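Thanks for coming. I have one structure to go through today, and I will start with a single residue before moving on to wider features.

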Amino acid sequence: MGCSHSSAATTRTSKQSRRAKQSRAFCAGLPVVGILRCDGARWECAQAIVSAADRAEYHYRIVYAVVEGLPYQHVRAGKPLSASQEEALRVAVEELDLAECVCITGDCGSFVHYQGAVRSLTTRAVVLSPLVQASLIATMYQRTEKVIVVTNDTNDYSQADLEQNLVAIGLEQDDAKRFIVVGLQHIRGFATADVADQEVSEWGLVDESVTTVERKAIITTVERKAKERNAKAIILESTLLPSFSDALRARLGLPVFDALTLVDYFVHASTDNPRFGLDFDERQAGRCNAYDGLDPAKLPAIGILRIDYEYPPALGDIACEKSYGYRTTHEVAEGLTFEVAQEGGPLCSEKRENVAAALQRLQATPGVVGIAGDCGFLMNYLADARSVSKLPCFISALIQCDLMATAYGDEAARASALPSPRPSPSPSSPAPALRCSGRRHSSR
């Protein structure tokens, strides 16, 4: 019996060892996200929670680089970098470059002050703050519609500070005013002094340890302001807040963008699509489609505005329902042919009415949360679609151009010295050649 027991234990240990090796090998093949950390930061990054070992097969690996001598208080205030801090930033970015990250983000939303500085040091995507998503969000909604931006403390991050940051990363001033800042400093643990307090040994509001009373206070604060301003979306600027995103989505019924939606965007854009296409990375073969095993009927849906053009859709086409991991519903704008969309001329009244009718049918479909398009040339009619739709419109892949311009610098910028943080907009700045949403492109 003793020999049999020993044999079983050996077999069990051997299996566990093989599984551990397989897990390590699998994790080694996951995409890497680089995170710049404030010196002395005590909170756990929201991005790190979703890359924990027990869930790594669905997400990515995290690599940290601390910017020595750059504390949270300095980052929060957006102070100019000293020579030693500039050097520390260069070293930290170089560490993340060597790790071959798909993108570089920050452990604090206030790193947006140094978006231009970091972008000048690397060719990788730089998305230091959830605010980087603002240009994409502004494009999807009418120019009269508002977006709530939730920060931890408005005593040291005002509406003027928010607008200055948004202009610095490329939005027009009028678009920047559409984003309304809301603070949570009245709730325990969210005041800047609480976050920066070096005497506190543990800080746990980033996880589920927050009390029911505090959770309700967060949701109530955001809900009240969202209703006051008739907001269409939420950005959680603070990286302390993503664990509350689902509660806000459920309560408000609005899209909530945070540090995780930003990183997920670039991870998905840089890795093997599990549903179709070329399997170009065997190390990622075990990655799971996030929607596997879920009831499609209970998932949110995307409406697809289709031009008046018939072809047999294949897997991978936007017109093929099997290309998605979620439900889609399709409606044709009669008379809006490929040739008409390509030309991009003004629509006659009949075609405009047909586009409006197709959009209204999509909006009326239960569960539809946004509207895409099956032709890139629909970019020519984004303004028309937004004027009709009550849902966010992303009817062309080109609406991502603004976000790309924010994330990537150009060779001239990388060859120049570190730009000053929090630049003021210049009235003499040249206008860009391309406009998607009133965004002002520059080399910052």
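Ser129 counts as buried, because its relative accessibility is 0% and the cut-off for buried is under 20%. Keep in mind that this is a predicted model. Where does Ser129 sit? Its place is the loop between strand 4, residues 125-126, and helix 6, residues 134-140. Setting aside neighbours within four places in sequence, Ser129 is in contact with Gly109, Val112 and Leu262.

Most residues other than glycine have a negative phi. Glu100 is not a glycine, yet its phi is positive, about 60°. Glu100 lies in the loop that runs between helix 4, residues 83-98, and strand 3, residues 103-106. Is Glu100 buried or exposed? Its relative accessibility is 60%, so Glu100 counts as exposed.

Asn230 is the other one. Its phi is positive too, near 50°, and Asn230 is likewise a residue other than glycine. You will find Asn230 in the loop between helix 10, residues 212-228, and strand 7, residues 233-236. With 51% relative accessibility, Asn230 counts as exposed, since the cut-off for that is over 50%.

Now to helix 14, residues 349-364. The helix has 16 residues, and at 1.5 Å a residue they should span 22 Å; the end C-alpha atoms are 22 Å apart, so the two agree. Which residues of helix 14 are buried? They are Val355, Ala356, Ala358, Leu359 and Leu362. Looking down the axis of helix 14, these buried residues fall within an arc of 160°, which means they line one face of the helix. What do they pack against? The partners are strand 9 (301-306), strand 10 (327-332), strand 11 (368-373) and helix 15 (382-388). On the face of helix 14 turned away from the buried side are the exposed residues Glu350, Glu353 and Ala364.

Last, the whole chain. The protein chain has 17 helices and twelve strands. Of its 444 residues, 48% are buried. The chain exposes about 20800 Å², and carbon and sulfur atoms supply 53% of that area. Taking contacts between residues at least 6 apart in sequence, 75% join residues at least 24 apart.

Technical notes. Residues numbered from 1 in each chain as written. Predicted model: local features only at pLDDT ≥ 70, side-chain atom pairs only at ≥ 80, totals over all residues. Heavy atoms only, no water. Helix = DSSP H or I, 4+ residues; strand = E, 2+ residues; numbered from the N terminus. Expected span 1.5 Å × (residues − 1). Buried < 20%, exposed > 50% of the residue type's maximum accessible area, 1.4 Å probe, protein only. Arc of directions from axis to C-beta. Contact = heavy atoms within 4.5 Å. Areas by Shrake-Rupley, 256 points an atom, 1.4 Å probe, with all protein chains shown as cover.
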